[in-house]
Amino acid sequence: MTTIKETFMLSKPEPEPMEQAPAYRSPHEELAYIRRTLDAAGRLSSVSGRGLVMIGFLGLGAVAVNALATGAPWQAGAGMEALGVWAVCLVASFAVGVASMDHKARRMGQRLWTPVLQKALWSYASAMAVGAILSFAVVRAGRPALLPALWMGCYGAALTSTGVFSVSPVRWMGISFLILSLIAALAPTSAGLALLALGFGWLHIGFGAYIARRHDG
């Protein structure tokens, strides 16, 4: 005779077998996995800390030339050569940045031109293009005193958006530039060169040294 307990056990449904993870992945899935892995690796190694340190010294050099030779672009009597100093600094910094990233990528056995780098460049170039257009408009309107806040604001936006694809110190350096841009907007005009030295000089050197130490050069 069947008891109540046996009747309950017989009526209890058996658990369904768990779905087994596929042990085989197609060649297409393997290739996609390898690409994702390489992209993740490129995110951590695409920015050169040593290159940022060199760019910082270029920024300090531009401030020194403005202070000792040409005058700041917003000072009375300063000619276009004062702006030309920063144009040369921008071109030289771009060349140093590309060369140092390429050197680091080769040293680590990776490609420089990766999909992650392409996405980062779109974010970076958009903010920098806005900075160039607004700089032209500000100089044309006779308001060059706004240049320090404008330059550091646009550069900070470029770094903050690019930092999404790179190591976290890049993003924090961008936020630091945005803070300096706000300070420049509130500070007197006479503080412009000091703030540019703090931003384009010492922020690059400080964050570059940290990246070089914590992220393999």
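Me: How much space lies in the largest pocket?
Reply: About 1200 Å³. A pocket is an open set of points on a 1 Å grid over the protein atoms alone, where a 1.4 Å probe fits and protein lies on both sides within 12 Å along at least five of seven lines. The volume is the space filled by probe spheres set on the points, joined across faces, edges and corners. This is a predicted model, where local features need pLDDT of at least 70, side-chain atom pairs count only at pLDDT 80 or more, and totals for chains, interfaces and linings use all residues. Residues are numbered from 1 along each chain as its sequence is written, and side-chain values use heavy atoms, with hydrogens and water left out.

Me: Which residues line the largest pocket, and which lie nearest its centre?
Reply: A lining residue has an atom within 4 Å of a point. Here 42 residues qualify. Leu90, Phe94, Tyr124, Met128 and Tyr155 lie nearest the centre. The elements that give two or more residues are α3 (49-70), α4, α5 (115-140), α6 (147-162), α7 (168-186) and α8 (192-214). Helix α4 gives the most, with 11 residues.

Me: What lines the second largest pocket?
Reply: That pocket holds about 150 Å³ of space. Its lining includes Arg143, Pro148, Pro188, Thr189 and Leu195. Helices α6, α7 and α8 each give two or more residues to it. By type, the lining has 9 nonpolar residues, 2 polar and 1 charged.

Me: How many helices and strands does the protein have?
Reply: It has 8 helices and 0 strands. Both are DSSP runs numbered from the N terminus (helices H or I, at least four residues; strands E, at least two). Contact means heavy atoms within 4.5 Å. Among contacts with a separation of 6 or more, 70% come from residues 24 or more positions apart.

Me: What span should helix α4 have?
Reply: The expected span is 1.5 Å times one less than the number of residues. Helix α4 (residues 80-107) has 28 residues and should span 40 Å; its end C-alpha atoms are 41 Å apart, so the two agree. Helix α3 has 22 residues and should span 32 Å; its ends are 30 Å apart, which agrees.

Me: Which residues of α4 are buried?
Reply: An α-helix has 3.6 residues a turn, so residues three or four places apart point the same way. In α4 the buried set includes Ala82, Val85, Trp86, Cys89, Ser93, Gly97 and Lys104. After α4 comes Gly109, with a positive phi near 70 degrees. In α3, Leu52, Ile55, Gly56, Gly59 and Val63 are among the buried residues. The buried residues of α3 pack against α4, α7 and α8. Just after α3, Gly71 has a positive phi of about 80 degrees.

Me: How many aromatic pairs are there in the whole structure?
Reply: There are 5. A pair of aromatic rings is described by the distance of the centres and the angle of the planes. Rings of Phe, Tyr and Trp (its six-membered ring) pair if their centres lie within 6.5 Å; planes under 30 degrees apart are stacked, over 60 edge-to-face and the rest tilted. Trp86 and Phe200 form a tilted pair, 6.0 Å centre to centre with 50 degrees between the planes. Trp86 lies in α4 and Phe200 in α8, 114 residues apart. Both are buried.

Me: Why is the pair of Tyr155 and Phe200 tilted?
Reply: The ring centres are 5.5 Å apart and the planes meet at 50 degrees, so the pair is tilted. Tyr155 sits in α6 and Phe200 in α8, so the pair ties together parts 45 residues apart in sequence. Tyr155 is buried at 9% relative accessible area. Phe200 is buried at 14%. Ring pairs link Trp86, Trp151, Tyr155, Phe177 and Phe200 into a cluster.

Me: Is Phe136 buried or exposed?
Reply: Phe136 counts as exposed, at 55% relative accessibility. Phe136 has its place in helix α5.

Terms used: Buried means under 20% relative accessible area, exposed over 50%, partly exposed in between (1.4 Å probe, protein chains only). Ala, Val, Leu, Ile, Met, Phe, Trp, Tyr, Cys and Pro count as nonpolar, Asp, Glu, Lys and Arg as charged, and the others, Gly among them, as polar.
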